[in-house]
Amino acid sequence: MAETAQQREIDPYTQAEGESLAPPTNLVGRFKHLGPSVIVAGSIVGSGEVIMTAGLGANAGFVLLWWVLVSCWSKSVVQAEIARYCITTGDTYMRALNRVPGRIMGPRGPVGWPIWLATASFGIGLFGLGGIVGGAGQSLELLTGIESTISTGIIVAAAIGILITNSYRHLEKVMLFLVMGFTAITIFCAGLMQFTQYAVTADDIALGFSFEFPVMYAALAIAMYGYTGVNSGEIAAYTYWCVEKGYPRHIGSDPSDPGWVDRAKGWIRVLQTDVIATLVILTLATVPFFILGAGVLNPNGEIPEGLDTIRVLSGMFTETLGGWSLWVFGIGAFFILFSTTLSGVGAGGRVFPDYVIEWGFISRLRIHRAKWTRGYVVAIPLMAFLLYFSFQNPIALILISATFAAITLPIQSGAALWLQRNVMDQRVRPGRTMHLALWATFVFQVIMAGVAIWYGVILQIFGD
C-alpha cells in the first residue's frame, strides 16, 4: 500500500511546497527539461571507458565486443526504474534503500542492511576515485610535462574550486562542454582509424558477436561490467541529479491532488527521455574506445598498467594518426577523466548528507545539506589524491572499485522491484514490459555478482 503525503515525512530537499509544474506535452518540450543525463554521462563516460573498456580490448581483442554492449545497455532499465520511484515518492535514494526489509543495529539504532552495504561501497569507491584523478593527472602530464603527482594535485585543486560553489546549473554547463568535447574527439579518432592499417574489418565485427567469453579475461570483463555504462554509484547519483533538476518538486508531494497522476506520468516521460539520452551518449563514447583498444593496442601487445597507463592508451591515437595526435588523446582523456572527477565527487556530495540522516545522526528536517556537501567536495578529492599518491596505478585502483560495483548492482535492481510492489503508488508503476525487463536484469546481475565474487575474491584468496 503506497504511503500518502500525510503518512510520511516530506523532505524539503526533494519536494518543496508550491513548486508543482505541468509537464511538457511533446518531445521538443521534454528536451528542454533534460539535464541529469548530461551530468551522469560525464561520470559514466570516464574511467570505465578510457581505462577499463580500452584495457579489455587491449587484452582480449574484438571477441568481447558483445559484452561491451551488454554492459552499456543492461543497466539503464535499473537507472530509469529507481529514478521513477524516487521522483514519484519524494524519497531520496538512501531513504529508499532504508525501506527494504532486514535491519541491523547501528550506532544510533537499527538501519536497513543495504545502508551498511552502501557505506562499505562508499569506502571502496574511494579507490576508484583515486584511479580516476590519477588518470586525469597522467593525462595532464602528457599535455604539460608536469610530473603526474603534481598534475594530479592540480586536478584535485581545480575540482574542489568548481564543486565548492555547490551549484547544479553551473556544474551542468561545465559538464555539457566536457561531455560534448570528449564524445566528439573519441568518435573522430575511431573514424580516422578506418583509413589506416588498423581499420576494423567485417571479420573483426563478426568475432565481436560470436558471443564467446574467454575465461582468462573474466575478472577484467566483470570489473568492466561493474564500471562501464551506468554503474551502481551512478545509478544512485542519477536520482539526486533528478531531484536537483526539479522532477519530484514538479510532480508535487500530495498524491491525492486531482492532477498528481497526470503530472507524475508526464514527468516520468521526461525522465525516460533523459535516460535514453544517457544511453545514446555512453554508447557513442564507449564502443569507440573498445574498438581502438582491440584494433590498435591488442595487435601490438600493448597492455596499459601502472604509471604508463595513459601513455600506453595514447597509442590508440598515435599509432593510427601519428605523433601529433598525442595532444588530441591527452585533451580527450583529460576531458573524460576530469569530467568523471567532477560529476562523481559532486554526486557523492549530494548523497553523503543522506548517510548522516539514515544512520540517525541528524533529522532530514534539520540537516543543512549545503554545508555537508561543501565539506565532502573538499575532503574526498584530497583523500583520493592520497590513495593515488600511495599506489600510483590507476587500473589497479579502479579494478578494486569496479569489481565491488558489479557485486552491488543486483541490490539496486532487487530493491527497485520490492519498492515498486510495496511502496510505490500503483497508478504510476511501470507497465508489464518494463517490469519484466527489470526482473530479467535482476537475474542477470545476480549471476554477474556471483561470477565477480568467484573471480574477483575467491580465486584471489585460494588460487586457481
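User: What is the accessible surface of the chain, and what share belongs to carbon and sulfur atoms?
Analyst: This is a predicted model in which local features need pLDDT of at least 70, side-chain atom pairs count only at pLDDT 80 or more, and totals for chains, interfaces and linings use all residues. Residues are numbered from 1 along each chain as its sequence is written, and side-chain values use heavy atoms, without hydrogens and water. By the Shrake-Rupley method with a 1.4 Å probe, where for residues only the protein chains shown count as cover, the accessible surface comes to about 18100 Å², and the carbon and sulfur share is 66%.

User: Is Val 280 buried, partly exposed or exposed?
Analyst: Val 280 is found in helix α14, helices being DSSP runs of H or I with at least four residues, numbered from the N terminus. Buried means under 20% relative accessible area, exposed over 50%, and partly exposed in between (1.4 Å probe, protein chains only). Because its relative accessible area is 45%, Val 280 is partly exposed.

User: Which residue follows α12, and what is its phi?
Analyst: From its first C-alpha to its last, α12 reaches 20 Å. The residue after α12 has a positive phi; this is Gly 246, near 110°.

Note on methods. Helices (H or I, at least four residues) and strands (E, at least two) are DSSP runs, numbered from the N terminus. The expected span of a helix is 1.5 Å times one less than its number of residues.
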